[in-house]
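Here is a protein model to read through questions and answers. Take a look at it before going on.

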Amino acid sequence: MDEPYEIRSEWFAVRSYDVDPAEHLTLPALCNYMQEAAGIDATRLGAGMRQLGEQGLAWVLHRMRLEVTEPARGGDRVGVATWPRHFGRLVAERDFDVHDGEGRRLAAAASRWVVVDLAARRAVRLPESIRSLPVGDRAVPLSADDGPLPAVEAAELERRFEVRRDDLDVVNHVNNTRYVGWAVESVPDAVWDSHHPAAIEILFQKEARYGESVRARTRRLDGDTGLRFAHELRGPGDRLLVRAATRWEPSP
């Protein structure tokens with residue numbers, strides 16, 4: 001990269017197809033904005049999906065923690081600032097600061113990414129060309145968490161989803177935002193009627209494949225930290241694909 005690295009924001013107009021019945025930006029749509037901004041920034045750094053694809057490699061999201069301070073609404077303009085925080089031997093860390101036109105924070109996220117060999121479908125060491133890239137010099141908006149996510153031993157609610165072609169991305173991989181949507185879809189209807197998802201922590205473990213059936217299993221978590229749920233997505237043979245936890249707040 002020839003020019004000094006600077007943190008930039010990508011701007012998105014919240015369209016009618018990005019909001020729920022309460023006109024709040026949906027969690028999958030917000031994740032799509034963040035993924036798009038991350039792709040643009042990685043390409044600017046010389047390590048985008050197309051550039052890695054020439055080496056038979058691709059970025060895959062491993063874990064993400066996202067907190068929504070205030071849900072954006074239809075018609076708003078949302079800025080997504082994102083920057084790499086750290087490049088390790090196996091994992092790249094990337095932060096996100098989602099804000100409005102006045103700089104007020106709407107959401108923040110911390111994420112961890114791995115590079116996979118597309119032929120072997122497994123993670124590999126980060127290439128030296130990536131590990132030597134500059135990182136953003138900015139305060140961390142949200143700390144990452146290495147702790148285990150709660151299991152769903154006895155599901156209170158379960159839904160099934162078929163993996164469609166529309167769910168696949170450019171490397172024939174189910175887009176990570178689809179898993180987010182499937183997880184929160186399995187929250188009881190009564191919660192959706194009065195609350196919105198204010199936080200999600202999600203860990204990606206295995207990939208679903210085209211034509212497979214995915215089961216989203218959910219149970220409510222006990223405790224005094226608000227309305228919280230544990231989620232699991234499982235594929236054929238009870239293969240664990242994703243584990244997640246969400247927190248819900250009363251809708252404004």
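Strands (E, at least two residues) and helices (H or I, at least four) are DSSP runs, numbered from the N terminus. This is a predicted model, where local features need pLDDT of at least 70, side-chain atom pairs count only at pLDDT 80 or more, and totals for chains, interfaces and linings use all residues. Residues are numbered from 1 along each chain as its sequence is written, and side-chain values use heavy atoms, with hydrogens and water left out.

Q: In which strand is the place of Glu201?
A: Glu201 sits in strand β8, which covers residues 195-204.

Q: Why is Glu201 called buried?
A: Buried means under 20% relative accessible area, with a 1.4 Å probe and protein chains only. Glu201 has 9% relative accessibility, so it counts as buried.

Q: What makes the link between the side chains of Glu201 and Arg63 a polar contact?
A: A polar contact is a pair of N or O atoms within 3.5 Å, where one must be able to donate a hydrogen and the other to accept it. The side chains of Glu201 and Arg63 are joined at 2.9 Å.

Q: Which residues does Glu201 touch, not counting those up to four places away in sequence?
A: Contact means heavy atoms within 4.5 Å. Among the residues touched by Glu201 are Arg63, Asp145, Leu149 and Arg243.

Q: How many helices and strands does the protein have?
A: The count is 5 helices and 11 strands.

Q: Why is the protein called as compact as a globular protein of its length?
A: The globule rule is 2.2 Å times the number of residues to the power 0.38, and the radius of gyration is taken over C-alpha atoms. For 252 residues the rule gives 18 Å, and the protein's radius of gyration is 18 Å, so it is as compact as a globular protein of that length.

Key. Buried < 20%, exposed > 50% of the residue type's maximum accessible area, 1.4 Å probe, protein only.
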